[in-house]
Amino acid sequence: MSGDLSVHVEHLTRRFGAFTAVDGISFDIRAGEIWGFLGPNGAGKSTTIRILCGILAPTSGTATVLGFDVARDPEAVKLRIGYMAQGSSLWNDLTVEEHMRLYAGLFGLSGAKRRAAVEEWTARVGLTEQRGVLAGALPGGFRKRLALGCALMHRPQMLFLDEPTAGVDPLSRREFWDLIVGFADAGTTVMVTTHYMDEAEHCNRLALIYGGKIVARGTPSELKRAPDAGVTVEILSERNVAILDALDGVPFVRSAALAGASLHVTVDDRRDVDGLRALLEGRGFDAGPLRDVTPSLEDVFASVVRSP
Amino acid sequence: MPNAAAIAISGVTRRFGTVTAVSALSLDVVRGEIFALVGPDGAGKTTLIRLICGALALDAGTLRVDGVDVVRRTAAVQASIGYMPQRFSLYPDLTVMENLRFYGDIFGVRAAFAERARSLLDEFSLAPFVDRRADALSGGMKQKLALACTLIHSPPTILLDEPTAGVDPVSRREFWRILYGINRAGTTVFVSTPYMDEAERAHRVGFIIGGRMLDVATPRALKDGMRGDVVEVACGARGDARRALHGDPCVRSVEIFGETLHALVGSAEESIPALTRRLEAAGIAGATLRRIPASLEDAFVARLAA
């Protein structure tokens, strides 16, 4: 049912010289869903998004966005999407309001409609007070907000957000996501990359890309319950950080990380939980009960992706 | 003993036109600690860091690094600190080794350079990439190289402005492992971060809002000092449950947290029965509610919402 798909990608590959950035990936994004693309830096996320936005040509394979082939009809794609690039897409010597007016104009709004859109979106991304400030003088988080406003103001059917919240404070991140979820509820399809695993939880479906290939995919729950996800236990201790350091380099510990106020430790199987308890006691930690928990997406991410 | 402070900030103010970015701010950073600076966008984090390293002039107040006045002896201070700015400080068309050498030359590291560079490259697992151009490094490796350049002259204090923004979780952990090693070896670390799990690992945390330092304390003390409790709500329909809880008068905020919701309430004991009833009334049965310890992010959001 291709009519319900906003994005359809088949065997997509992109090479830069001898380097294969995207290596034969296939996936679909359904209309109205929030689809998360996770992976380490340099895994191929931004390259894929840039191909889907019609900015970069694929080396081989096909991709359609909203029914248009991105290689044959990139301009039709560009008109219908919103794209928030990872790097800065702002002009340092234009003000917030000038950016908004420029983008509104680029997307064909004029007169009263343009003024209303500028007003509305400046307010919705929380920059009304900063409307006269040059983009170059804005703090990092505000720059992200401005870029988001510019990407959204023509109400695109499909949004590509490449790390929209990198460097944004926790409260603003939550507000961002309320905005994004609201758009998806109203029918906009969203493809988003993020390094914040709490944000990935908002996605309907996720794919994890590593070395140009998709290595895991599914809903957040499916990813966390995958048979090879290991066993994750929660430790609630006053000495979380000390325990974290003690677990550094322990061979049977796949991943250990702070999750809010608790510590999540992922090991290969049940027997290792006993090993973990023995190790902690041996080092004098009172770790309390090691409660079984569903791993967080960060636990899953860290156990799939190994640091280079 | 003001001289015991690695960084002594006293009544510092900085204005940009009509905006007061940093406002009569005082803070002592203790030698040997990891101090994390957290705050909303535009709170003054970057301005404060740039004031400390003498890249910006003060409008009022005094600022000393290791007892040396930043205004009067800017050059001396700059030689004794390492500063890693938010935007990349690397030269993309220079190799890893050339970048290191460039920073070494700027800071006058001559005789000690070869050994210092080798030890940093080993410690940061960058040795196999010495001849690679900086623009061909992955994001995580760029961050490590930038940190190595910051450390080339063995400064006793380093200032890092959001060093891990945009870095993936695995590289982020490695970066912090390295930071710990440096700190254990005696370097004072002053770091701003939007990641609350990172701040949780600092010795002390400062909340900066509107150019003022609101709280400075250990992560534990900040969490203990939070007014209100966090209730974890585990149930099927997160979105519906969130909407149902939003309207409850005892709920200050409710956020999706993994597969659960975290509701900030005045008192967990009083709220849990009321919230359970509210969920049932909204047709959400079988929810599990329990009080959980607050995270630093909870404390931060509660502080901002106050």
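I am working from a predicted model, where local features need pLDDT of at least 70, side-chain atom pairs count only at pLDDT 80 or more, and totals for chains, interfaces and linings use all residues. Residues are numbered from 1 along each chain as its sequence is written, while chains are lettered from A and ligands numbered from 1 in the order in which they are written.

**Interface.** I looked up the contact (C-beta atoms, placed from the backbone, within 7 Å) and found 38 residues from chain B and 36 residues from chain A. On the chain B side, α5 (139-151), α6 (169-184), α7 (196-199), β12 (251-257) and α11 (296-305) each supply at least two residues. Helices (H or I, at least four residues) and strands (E, at least two) are DSSP runs, numbered from the N terminus. I see that α6(B) gives the most, with six residues. This side has 15 nonpolar (Ala, Val, Leu, Ile, Met, Phe, Trp, Tyr, Cys, Pro), eleven polar (the others, Gly among them) and twelve charged (Asp, Glu, Lys, Arg) residues.

**Sheet.** Next I followed β12(B) into an open sheet of four antiparallel strands, ordered β12-β13-β11-β14. Pairing here asks for at least two DSSP bridges between two strands. I noted β12 and β14 (288-292) of chain B as the edge strands, each pairing on one side only. The twist averages 25° from one strand to the next.

I found α9 (residues 238-246) of chain B lying across β11 (229-234), β12 and β13, at about 170° to β12(B). Angles run from 0 to 180 degrees between N-to-C directions, with axes fitted to C-alpha atoms, for helices over the stretch in contact.

Key: Two residues are in contact if their C-beta atoms, placed from the backbone, lie within 7 Å.
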